[in-house]
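Q: I'm new to this one. Please take me through it, terms included.

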Amino acid sequence: MDQKTADVNFDSLLRIFTVPEGPDSTLTQIEAKLSHNLNHFLREHIVAEEKPLREIEKDFSSPAIPEQPQFVSDHTQHLLDTLVSHSVHTSSPSFIGHMTSALPYFLMPLSKIMIALNQNLVKIETSKAFTPLERQVLGMLHRLIYGENDAFYSQWMHSANHSLGAFCSGGTIANITALWVARNNALKPQGSFGGVEKEGLFAAMMHHGYKGLAILVSERGHYSLKKAADVLGIGQKGLVAVKTDSNNRIVPSALKAKIAELKEQGIKPFAVVGVAGTTETGNIDPLRDIAEICAETDCHFHVDAAWGGATLMSNHHRHLLDGIELADSVTIDAHKQLYIPMGAGMVLFRSPEAMKSIEHHAQYILRKGSKDLGSHTLEGSRSGMAMLVYAAMHIISRPGYEMLIDQGIEKASYFANLIEQQPDFELISHPELCLLTYRYVPSHVKQALESATPEQQSKIHNLLNELTKFIQKRQRETGKSFVSRTQLNPIRWDERDTIVFRVVLANPLTTTLVLESVLEEQRLIATQVPSLMHKLEEQCAKVMKTSHA
Ligand SMILES: *Cc1c(COP(=O)(O)O)cnc(C)c1O
């Protein structure tokens, strides 16, 4: 509302759809600052001091929809004070704990154009040029993975009755879509049987004589696969975890054995998911071996490359994903290592026919033979996010992405070396991509662990777990930097539950200096919990006593 006193008035309501506030309004000033220097804006408006979530909740405690309208400028100020100030500075060079990183500046104004156009990609009637654009983006990612020839893409990319994949809000929906296709292809129509999509899961399983259905993935599979198993009616127990080796990669012989075991029980394993870049450790499954096993056992081979897929942009490192081109389907998140804002995921299918098993039509839209994207997507109304991927591909280009990927991998390798040089840190998982895990272990504790009995080791590990938790939490709350934490079961420590720091080095602005100071800060925080350090001392003293006795 841009009138003098804020009250409900239809003329001013009409104005919010047309004329923005004057050039001196708070909103305009913010926009100017944002486009002038994004990082500066964020540094200025996100306050450093940690406010407990309970306190923040007080600002968001009223369930009443306001009866009184507010001026845009006033409300913007309110947002700055309550929301922006207590957001997370994900683009900070020292925010190295998650896959959410800094964004290229040009995506901000381009997003504004996208929102202004407000296209709905579900159907041509509300998207027009956005539909071929999205199909081209899917074609680009398809070619990056499968490398088909030009004739392939000119035949299929814009074909009304085919699709090379689906654009969606993220890796979760992409994984669900891939497994939906796999499930429907495994239980497809046959004679008078209409397929699982018509007859439902119970009838489909009766028809085929299956006692159950299973999806196999390594122990390091992403939790979104559990959701997929749940919504597809497979059940979470139908998501079968397969053993991993000391590098967190699926053990092919264990996979083979598991498939045989399930078949013996009358359960149909219809899909295997290979992970290209596990969320916790960034490792890549032996994709070629999995492809071979899938071919032998008639399983759909899906690769969850939500995070690691962007590695294909680097000619130096794409060999790490060798065998991905054999997958029936692949998930890639553009909002991870392609540096696109949240809400951009994709699933690609090797065969342009694959998505037929989930095709849906309706009378007023998605008519048969139309090019409406909505006939092959789980989601309905969808924004024009593909435009941002398209723009980034052109502006950054493949070699630009290659540099971004390469620098992340190099930095992770540098950080791993740095950790290994420290007498009081322990590298837990070596980086294959730009992700690693480690923990703080005071040097005398390291020594004691060497000669401790399994029982003593257990006690020490438990204390170290507490210490890691404390350091991570304190660093997040009061420190200059942020790393995340997770729990692993390293083979080196007899698969004990081990809490570790987890670092993702995607932000190109993160310097080696930042990495050094992360370790220094953690070392310092450890001194702030004398009680825990004292307990560790005691345990170590016991070890020394027994091992010398
Ligand atoms: C992030 C991620 C997902 C889930 O993607 P969302 O975009 O968060 O839905 C799935 N699998 C892997 C390996 C991931 O890293």
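A: One term to begin with: a residue is buried under 20% relative accessible area, exposed over 50%, and partly exposed in between (1.4 Å probe, protein chains only). This is a predicted model, in which local features need pLDDT of at least 70 and side-chain atom pairs count only at pLDDT 80 or more, while totals for chains, interfaces and linings use all residues. Residues are numbered from 1 along each chain as its sequence is written, and side-chain values use heavy atoms, leaving out hydrogens and water.

Q: OK. How many salt bridges does a search of the whole structure find?

A: The search finds 20. A salt bridge here is a side-chain nitrogen of Lys or Arg within 4 Å of a carboxyl oxygen of Asp or Glu.

Q: Which residue does E44 pair with?

A: E44 forms a salt bridge with K33, and their closest N and O atoms are 3.8 Å apart. Since E44 lies in helix α3 (residues 38-45) and K33 in helix α2 (residues 26-36), the pair ties together parts eleven residues apart in sequence. Helices (H or I, at least four residues) and strands (E, at least two) are DSSP runs, numbered from the N terminus. E44 is partly exposed at 43% relative accessibility, and K33 is partly exposed at 33%.

Q: What about R382, which residue does it bridge to?

A: To E134, with the closest N and O atoms 2.7 Å apart. R382 sits in the loop between β7 (345-349) and α14 (386-421), and E134 in helix α7, so this bridge ties together parts 248 residues apart in sequence.

Q: Are R382 and E134 buried or exposed?

A: R382 is buried, and E134 is buried as well.

Q: And the salt bridge of E426, what is its partner?

A: The partner is R439, at 2.9 Å from N to O. E426 belongs to strand β8 (residues 425-429) and R439 to strand β9 (residues 435-440), so the pair ties together parts 13 residues apart in sequence. E426 counts as buried at 9% relative accessibility, and R439 counts as buried at 0%. Elsewhere, salt bridges that share partners join R288, D322 and E325 into one network.

Q: Back to α7. How many of its residues are buried?

A: In α7, 13 of the 17 residues are buried, so the helix is largely enclosed by the rest of the structure. Helix α7 covers residues 130-146, and at 1.5 Å a residue it should span 24 Å; its end C-alpha atoms are 24 Å apart, which agrees. The expected span is 1.5 Å times one less than the number of residues. After α7 comes G147, whose phi is positive, near 55°.

Q: What span should α16 have?

A: Helix α16 (residues 454-478) has 25 residues and should span 36 Å, and its end C-alpha atoms are 36 Å apart, in agreement. Its buried residues include I460, H461, L463 and L464.

Q: Where is N248, given its positive phi?

A: N248 is in the loop between β3 (239-242) and α12 (252-264). Its phi is about 60° although N248 is not a glycine. Most residues other than glycine have a negative phi. N248 counts as buried at 11% relative accessibility. S397 also has a positive phi, about 70°, and is not a glycine. S397 lies in helix α14 and is partly exposed, at 28%.

Q: Which residues make the nonpolar surface patch?

A: V8, F10, L13, L14, I16 and F17 make a patch of about 660 Å². Patch residues have over 30% relative accessible area and no salt bridge; like charges are joined within 9 Å, nonpolar side chains (Val, Leu, Ile, Met, Phe, Trp, Tyr) within 5 Å. Areas come from the Shrake-Rupley method with a 1.4 Å probe; for residues, only the protein chains shown count as cover. V8 lies in the segment before α1 (10-15) and is exposed, at 65% relative accessibility.

Q: Last one: what does T172 touch?

A: Leaving aside residues up to four places away in sequence, T172 touches S224 and K227, where contact means heavy atoms within 4.5 Å. T172 is in helix α9 (residues 171-186) and is partly exposed, at 25%.
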